[in-house]
Amino acid sequence: MPLKYKFCLIFLFSLTLLFSQPKKYKIHTVAFYNFENLYDTVNDEFTNDDEWTPNGAQRWTTEKYQQKLKNLAKVISEIGMPENSNAPTLIGGAEIENRGVLEDLIKEPKLLPLDLGIIHFDSPDKRGIDVALLYQKKYFRPTSYSNIPLIIYKKEISPKEAEVLDDEIEVKKENNNRVFTRDQLLVSGFLEDEEIHIIVNHWPSRSGGEKATTAFREAAGKLNRKIIDSLQQINPRAKVLTMGDFNDGPFNKSIKTGLGARGVKTEVPEFGVFNPFEELSNKGMGTIAFRDSWNIFDQIIMTESLINADFSTFNFWKAGIFNKPYLIQSSGQYKGYPLRNTISQAGFSDHFPVYVYLIKEFK
């Protein structure tokens, strides 16, 4: 039996178990992946990318860069299998140096047949890393997109303190201590014939300590909620997916209070948001590890309008973490961790990608 038909049978079987009777459904995978330092090898004088050059600390060569692209392309092409044999329709990405690296990525042999489009803006992040959205043009048609800045400031500090700030922070003046971080990318468009909105995020890091930086991520959560509110004012039933590396887990204040996410469907109020990754966190799963402790920083969260049991339109089915064995370090000090870049080799990422399925019943 051809492989593609096996995938179809697996998917139909899964839905038979879910709905107690066989039905046919369209399915789209929506994914997010932190690409971890997707830099080219060219030194950009306007960003702090010196270590990601052939003479830099990472010894980032053309060969490593090309291998990194191949690695990422393999992952992206497989996210969502086996339930959906097609690659993701929408892929949010983070830690991207510029549009050029994305142009190189979508030309990789495993991705070229997908005919991926790119939506990307340069952000004010000092390291020069951005977020972006890739999409399959045959399934998704963007109608508008914008980058929305997160304007946050560090507390008043002395010149001496300014010398030890982390790499996301650039102090212009003592009284203008803006934290330069990634913008939030809003993309609106049509998934087949249904309007949908995507927000791609990479919230401020924990560099300098979780407690010292939590206010920055809480502000990011509030901005996210403000964007969703504005979309719901136009259309109360707007379907919104917000995805990204939030640098906080499902139970942190930025997610639970700033964004207002709930992890149980029945507890999500009208106009509220649902976070399916709260359940996965309760099961001990993770997308990133630090000191042998796992957390789910990478999440895809959605408005209540996407969790209806009525599948006459596209709605959420289930969520997952893509953590296949080839993405995991198999030996050494970091055995069991995501297989990331090192000076000796181009890896995949220090994060596992995440995904959700949107399904719709055939008429």
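In helix 3 of this predicted model, the residues Val101, Leu102, Leu105 and Ile106 are buried. They lie on the same side of helix 3, because the arc they cover around the axis is only 130°. Residues three or four places apart in an α-helix point the same way, because such a helix has 3.6 residues a turn. The packing partners of the buried residues of helix 3 are strand 1 (25-38), helix 2, strand 2 (90-96), strand 3 (116-120) and strand 4 (130-136).

Helix 2 spans residues 62-78 and helix 3 spans residues 99-106; their axes are 9 Å apart and the angle of packing is about 65°. The crossing of helix 2 past helix 3 is right-handed. From helix 2, the contact is made by Tyr65, Leu69, Leu72, Ala73 and Ile76, and from helix 3 by Gly100, Val101, Asp104 and Leu105. Sorted by class, the residues in this contact are seven nonpolar, one polar and one charged. Val101 and Leu105 of helix 3 take part in this contact and are also among the buried residues of that helix.

Gln136 is found in strand 4. Gln136 counts as buried because its relative accessibility is 0%. Apart from neighbours within four places in sequence, Gln136 is in contact with Asn86, Ala87, Pro88, Thr89, Leu114, Asp115 and Leu116. Asp350 is placed in the loop between strand 14 (315-321) and strand 15 (354-361). With a relative accessible area of 16%, Asp350 is buried, because the cut-off is under 20%. Its contacts, again leaving aside neighbours within four places in sequence, are with Glu36, Thr287, Ile288, Pro338 and Arg340.

Most residues other than glycine have a negative phi, and most peptide bonds are trans. Arg59, in the loop between strand 1 and helix 2, has a positive phi, near 50°. Its relative accessibility is 45%, so Arg59 counts as partly exposed. Asp115 also has a positive phi, of about 50°, although it is not a glycine. This residue lies in the loop between helix 3 and strand 3, and at 43% relative accessibility Asp115 counts as partly exposed. Asp115 is one of the residues in contact with Gln136. In the loop between helix 2 and strand 2 lies Pro82, which is joined to Met81 by a cis peptide bond with omega of about 10°.

For the protein as a whole, seven helices and 15 strands were assigned. Of its 363 residues, 54% count as buried. Among contacts with a separation of 6 or more, 72% are between residues 24 or more positions apart.

The mean pLDDT of the protein is 90, and 88% of the residues reach 70 or more. Residues 1-14 have a pLDDT below 50, and this stretch has 13 contacts beyond near neighbours in sequence. Over residues 161-165 pLDDT also stays under 50, and the model has six contacts for them beyond four places in sequence. Where pLDDT is low, the predicted coordinates should not be read in detail.

How values were computed: Residues numbered from 1 in each chain as written. Predicted model: local features only at pLDDT ≥ 70, side-chain atom pairs only at ≥ 80, totals over all residues. Heavy atoms only, no water. Axes fitted to C-alpha atoms, helices over the stretch in contact; angles between N-to-C directions. Helix = DSSP H or I, 4+ residues; strand = E, 2+ residues; numbered from the N terminus. Left-handed = near helix turned anticlockwise from the far one by under 90°. Contact = heavy atoms within 4.5 Å. Nonpolar A, V, L, I, M, F, W, Y, C, P; charged D, E, K, R; others polar. pLDDT = per-residue confidence, 0-100. Buried < 20%, exposed > 50% of the residue type's maximum accessible area, 1.4 Å probe, protein only. Arc of directions from axis to C-beta.
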